[in-house]
Amino acid sequence: MTNSSVGFPQFYQIQQILDRFLVAVGYYFRFSLSYRDIVELLRDRGITVHHTTVMRWVHHYGPIFKALWRRHQTAHAKSWRIDETYIRVKGRWAYLYRAIDSNGLTMDFELRKHRDYTASYHFLKRLLTTNGRPDRLVTDQYRATLKAVKHLIKQDYLSKSAHQCSKYRNNLIEQDHRFIKRHRVRSASFQSIRTASATLSGVEIVHAIRKRTRRELSLIGFSVVDELEALLAA
């Protein structure tokens, strides 16, 4: 939408709404804040919203940002680290499968109810289908993961020599889990897999963009609002 397609007052109002929602969801995804914290920050900017409105924005736009980010993914290093971390959902453990390359850049992620062969297989298969064959794929020694890797090797998605089990080499992704875990300290617990997946999508995307920005040594610095606005415009 451009200035020529709507009147200036309308365009200004639309831009205000966009800025309001980007500040709300961007700050929630970037920092360890509750919905009520976001409401307070917006109030200081002269913006009044209810915390449930912020929650709906988070649940709606998290998956949208994930889809846009995946569409504009760039090439990664050919050495990958795969691991999963625990996420509490309605009093039970769920499992966030994550993949990064040797530079620490996020490649993919997926929240699953179970830590089993099916979850490992589908996550790894999509990763390999999307990104091709790596020179090195480092995993832990969890039995379900090893079974999935063996099956993918038989299907020629991965060469046997590329797979490695190394706790030392997997330290990189285990350290990277910390941002996701720390983000949940002040936020309310997840009430369903759907809302957990939607929220974590936004958290992961902002974390991924920030890591890439830091690696590219941007002179401007990182702004979550600017980055999400650029993602929507791409």
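Glu-204 and Arg-98 form a salt bridge, with 2.6 Å between the closest N and O atoms. A salt bridge here is a side-chain nitrogen of Lys or Arg within 4 Å of a carboxyl oxygen of Asp or Glu. Glu-204 belongs to helix H7 and Arg-98 to strand E2 (residues 92–101), so the pair ties together parts that lie 106 residues apart in sequence. Helices (H or I, at least four residues) and strands (E, at least two) are DSSP runs, numbered from the N terminus. Glu-204 is buried, at 0% relative accessible area. Arg-98 is also buried, at 1%. Buried means under 20% relative accessible area, exposed over 50%, and partly exposed in between (1.4 Å probe, protein chains only).

The model is predicted: local features need pLDDT of at least 70, side-chain atom pairs count only at pLDDT 80 or more, and totals for chains, interfaces and linings use all residues. Residues are numbered from 1 along each chain as its sequence is written, and side-chain values use heavy atoms, with hydrogens and water left out.

The count of salt bridges comes to ten. Another one joins Arg-126 and Glu-110, at 3.6 Å from N to O. This pair links distant parts of the chain: Arg-126 sits in helix H4 (residues 117–131), Glu-110 in strand E3 (residues 106–112), 16 residues apart. Arg-126 is partly exposed, with a relative accessible area of 27%. Glu-110 counts as buried, at 16%.

Asp-140 pairs with Arg-115 in a salt bridge, the closest N and O atoms being 3.5 Å apart. Asp-140 lies in the loop between strand E4 (136–139) and helix H5 (143–154), and Arg-115 in the loop between E3 and H4, so parts 25 residues apart in sequence are tied together. Arg-115 is partly exposed, at 21% relative accessibility. Shared partners join the salt bridges of Arg-70, Asp-108, Glu-110, Arg-112 and Arg-126 into one network.

Helix H7 (residues 193–215) also packs against helix H3 (residues 51–71), at an angle of about 50° and with the axes 7 Å apart. H3 is therefore oblique to H7. Angles under 35 degrees count as roughly parallel, over 145 as roughly antiparallel, 65 to 115 as roughly perpendicular, and the rest as oblique. Axes are lines fitted to C-alpha atoms, for helices over the stretch in contact, and angles run from 0 to 180 degrees between N-to-C directions. The contact (heavy atoms within 4.5 Å) includes Val-58, Phe-65 and Trp-69 of H3, and Ala-198, Ile-205 and Ile-209 of H7.
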